[in-house]
Amino acid sequence: SNWDPSQSVLVNIGNHFDLKTSVFQAPRRGIYSFSFHVVKVYNRQTIQVNLMQNDYPVISAFAGDQDVTREAASNGVLLMVEREDRVYLKLERGTLMGGWKYSTFSGFLVFPL
């Protein structure tokens, strides 16, 4: 496929999402909203995706129904984030459809502290 990850970031004001590492680094302390949506491959196995904050899992999403061809998992959270904290997605187990191609990850500052 000719999917180009560099064309896949729709909004990145301030460039705090690093395209090479897929890590968001918070520019300031505050309450942030994060959400994600991932699509698993059809292979009768479970996926688990964690939203990580500084290498600690904060929330997870699971998908593992064996009778559908495609299955998605989503989750979201309001998170207290310190300046320079790193927030990113980690595939804990399983396989995603097209890698991360069909997955989304969004975050924004709700209010600064």
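Q: Where does Leu109 sit in this predicted model?
A: Leu109 lies in strand β8, which covers residues 104–112.

Q: Why is Leu109 called partly exposed?
A: Its relative accessibility is 32%. Buried means under 20% and exposed means over 50%. The value of 32% falls in between, so Leu109 counts as partly exposed.

Q: What does Leu109 touch, leaving out residues up to four places away in sequence?
A: Leu109 touches Arg28, Gly30, Ile31 and Tyr32. Contact means heavy atoms within 4.5 Å.

Q: How far apart are Leu109 and Pro27, in sequence and in space?
A: They are 82 residues apart in sequence. Their C-alpha atoms are 9.7 Å apart.

Q: Which members of the largest nonpolar core touch the most other members?
A: Phe34, Phe36, Val38 and Leu51 do, out of 19 residues. Strands β3, β4, β5, β6 and β7 each supply at least two residues of this core.

Q: What makes Val38 a contact of residues beyond its neighbours within four places in sequence?
A: The test is heavy atoms within 4.5 Å. Val38 is in contact with Ile47, Val49, Glu71, Ala72, Ala73, Leu96, Trp100 and Ser103.

Q: How much space lies in the largest pocket, and which lining residues are closest to its centre?
A: The pocket holds about 940 Å³. Of its 27 lining residues, Ser8, Val9, Phe17, Phe105 and Ser106 are the closest to the centre.

Q: Which strand gives the most to the lining of the largest pocket?
A: β8 does, with six residues. The lining divides into 17 nonpolar, nine polar and one charged.

Terms used:
Residues numbered from 1 in each chain as written. Predicted model: local features only at pLDDT ≥ 70, side-chain atom pairs only at ≥ 80, totals over all residues. Heavy atoms only, no water. Core = buried A, V, L, I, M, F, W, Y, C linked by side-chain atoms within 4.5 Å. Buried < 20%, exposed > 50% of the residue type's maximum accessible area, 1.4 Å probe, protein only. Helix = DSSP H or I, 4+ residues; strand = E, 2+ residues; numbered from the N terminus. 1 Å grid on protein atoms, 1.4 Å probe; cavity = no way out; pocket = protein on both sides within 12 Å on 5 of 7 lines; lining within 4 Å. Points joined across faces, edges and corners; volume = space filled by probe spheres on them. Nonpolar A, V, L, I, M, F, W, Y, C, P; charged D, E, K, R; others polar.
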